[in-house]
Amino acid sequence: MQGFDAIVVGAGPAGCACGYTLAKSGLKTLLVERGKFPGAKNMWGGVYYGPALNRLFPGFWEEAPVERYILRHRFSLLTQDSSFSAEFTSKRFSDPPYNSFSLLRSKFDRWFASKVEQAGAIVASGLQTDDLLWKGNQVTGIKAGGDELPSSVVVACDGVNSLLIEKAGLQKNSSPRDFKLGIKEVIQIPRNLIEQRFNLAGEEGIAWEFIGPFTRGLPGGAFIYTNKESLSLGIVVQLSALAKNNVRANDLLEEFKNHPAVESLLVDGQLVEYSSHLIPVSAKAMMPELFTDGFLVAGDAAAFLLATGLTLEGANFAIASGIAAAETVIRAKQIGDFSRNSLSDYLNLLKQSFVLKDLKTFKKAPHFLENPRLYRQYPELVCDLAEKIFTHQGRPRKKIWKQLRESMDGKISFWQIIRDLMRMKGAL
Ligand SMILES: Cc1cc2nc3c(=O)[nH]c(=O)nc-3n(C[C@H](O)[C@H](O)[C@H](O)COP(=O)(O)OP(=O)(O)OC[C@H]3O[C@@H](n4cnc5c(N)ncnc54)[C@H](O)[C@@H]3O)c2cc1C
């Protein structure tokens, strides 16, 4: 077989964005995906943020299989039997180009890969990449399905458990502390019930994040995102904390679903999909080397993901880094040089974009989010105080300040709160 200009491994958001950009510019491109079809086994929570996709397909929401545009973002702190919520909405979120969308990967990845094919790339599904080809220190293609497929450059977009990074000998800096385990269910519910229960109309959607006792004090949280006729619901918990405390993530998911604030939202729902996946959350601290001779890394494989506790953004980082990798390859093709030196342009492009800028800005967030008080003491404190404020017990009230002191008593000190606020200032 004749060689390709570029082989992109993995047809997730990073690989599709990379493959599309390469093929659009006329490079002979192969996109290899191990799933039966792109998106077949892929999962995420399901909210896509930001304009990176709009750069590739202006007005993409008109044709892409988006579920709902996100009009409202809600954040809730739960205790065993109470909840305290804050919500943000903006008129701007309901006007094109919108701010974010709920999406289901099986439909979305398939659509994205079809655009890569239309742009002129070959998309080979059901083909697992097993190894790299080498000429000296230069990567010169892949081994897949028993075949050797040569190419000038390989772009690894093979996700969080990237095999190719190891095969390329790039240094990884991660431990179980750097990953969260996500478990997600898709629960089918009639459209009218979703709209009644979440107070939505038409194509409006809500992204709802939760912190509470269901993680048993372990760093993590839960989410519910509305699709057209289903809910994406799940939990995300630090992998090392689960192992250390011998906790099964699935038990935590069940506890979340049984919480009074959640249970009633799921009545008459039917479970249609269950999946789990790792999330690289330590960003800069765990980032591998990003390129070597004839080889680049993008998306989750490179740990390009932003977790601030309020949002989890990986798809937009994957798409932006996939585009940057493709632009680097296009320049390398123009000068006929795929060496490490030539591919180092990739780093400059990432540094100029939000990808490395955001990860630098929020580099202390992963450490801040490990604070156990965020997951037990603070939800209890806020809910206890709210209960005192909103309950009349038939006797004269105390000042709110005094009630706060009572809620804090024996649970948390002012010094701890001040220290946590200072840490939050540094991290967020
Ligand atoms: C529970 C959970 C919730 C999330 N919520 C959100 C969210 O709401 N918003 C958001 O933006 N991000 C979210 N993310 C993160 C987001 O899913 C990822 O950041 C994003 O999918 C990364 O894209 P990627 O293309 O780099 O990798 P992936 O999406 O993982 O794609 C990798 C692709 O490579 C293929 N592959 C792997 N190995 C091989 C091989 N050897 N040969 C051939 N193919 C291979 C896989 O099959 C897959 O198709 C969430 C993640 C999880 C787990």
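Helices in these notes are DSSP runs of H or I with at least four residues, strands are runs of E with at least two, and both are numbered from the N terminus. The model I am reading is predicted.

**Entry 1: domains**

I looked up how the chain is divided. The domain assignment gives domain 1 as 4-65 + 104-174 + 282-352, domain 2 as 177-280 and domain 3 as 368-427. I then looked up the centres of domain 1 and domain 3, taken over C-alpha atoms, and they are separated by 45 Å.

**Entry 2: Pro372**

Where is Pro372 found? I found Pro372 in the loop between α13 (365-368) and α14. Leaving aside neighbours within four places in sequence, I found Pro372 in contact with Gly217 and Gln377. I also looked up Ala14, which is 358 residues from Pro372 along the chain; the two C-alpha atoms are separated by 33 Å.

**Entry 3: α14 and α15**

From the loop of Pro372 I moved on to α14. Two packed helices are described by the angle between their axes and the distance between the axes. Helix α14 covers residues 377-390 and helix α15 covers residues 400-408. I noted a packing angle of about 140° and axes 9 Å apart. The pair is therefore oblique. The crossing of α14 and α15 is right-handed. On the α14 side, the contact is made by Leu381, Asp384, Leu385, Lys388 and Ile389. On the α15 side, the residues are Ile400, Gln403, Leu404, Glu406, Ser407 and Met408. I sorted the contact of α14 with α15 by class and have six nonpolar, two polar and three charged residues.

**Entry 4: α9 and α11**

I looked up a second pair, helix α9 (residues 315-335) and helix α11 (residues 345-352). At what angle do α9 and α11 pack? The angle is about 140°, and the axes are 9 Å apart. That makes α9 oblique to α11. The crossing of α9 and α11 is right-handed. I listed the residues that meet: α9 brings Ser321, Ala324, Ala325, Glu327, Thr328 and Arg331, and α11 brings Asp345, Tyr346, Leu349 and Leu350. In the contact of α9 with α11, five residues are nonpolar, two are polar and three are charged.

**Entry 5: α11 and α12**

Leu347, Leu350, Lys351 and Gln352 of α11 make the contact with Phe354, Val355, Leu356 and Lys357 of α12. By class, the contact of α11 with α12 has five nonpolar residues, one polar and two charged. Leu350 is on my list for α12, and Leu350 is also on my list for α9.

**Entry 6: backbone**

I looked for a cis peptide bond. Which residues does it join? It joins Pro96 and Pro97, with omega about 5°. Pro97 is found in the loop between β5 (83-89) and β6 (100-103).

I then looked up positive phi values. Asp268 is a residue other than glycine, and its phi is positive, near 70°. Asp268 is found in the loop between α8 (260-263) and β15 (270-280). With a relative accessible area of 60%, Asp268 is exposed.

Ala303 is not a glycine either, and its phi is positive at about 65°. I found Ala303 in the loop between β17 (295-297) and β18 (306-307). Is Ala303 buried or exposed? Ala303 counts as buried, because its relative accessibility is 3%.

**Entry 7: Ser162**

Ser162 is found in the loop between β10 (147-156) and α4 (163-167). I noted Ser162 as buried, at a relative accessible area of 1%. Not counting residues up to four places away in sequence, Ser162 touches Lys172 and Ala301. Gly10 is 152 residues from Ser162 along the chain, and their C-alpha atoms are separated by 9.7 Å.

**Entry 8: Gln138**

Gln138 lies in strand β9 (residues 138-144). I noted Gln138 as partly exposed, since its relative accessible area is 23%. Which residues is Gln138 in contact with, leaving aside its neighbours within four places in sequence? My list has Leu133, Ser152, Asp293, Gly294, Phe338 and Ser339. I also looked up Arg340, which is 202 residues from Gln138 along the chain; their C-alpha atoms are separated by 8.6 Å.

Terms used: Residues numbered from 1 in each chain as written. Predicted model: local features only at pLDDT ≥ 70, side-chain atom pairs only at ≥ 80, totals over all residues. Heavy atoms only, no water. Domains from an automatic or database assignment. Axes fitted to C-alpha atoms, helices over the stretch in contact; angles between N-to-C directions. Parallel < 35°, antiparallel > 145°, perpendicular 65-115°, else oblique. Left-handed = near helix turned anticlockwise from the far one by under 90°. Contact = heavy atoms within 4.5 Å. Nonpolar A, V, L, I, M, F, W, Y, C, P; charged D, E, K, R; others polar. Buried < 20%, exposed > 50% of the residue type's maximum accessible area, 1.4 Å probe, protein only.
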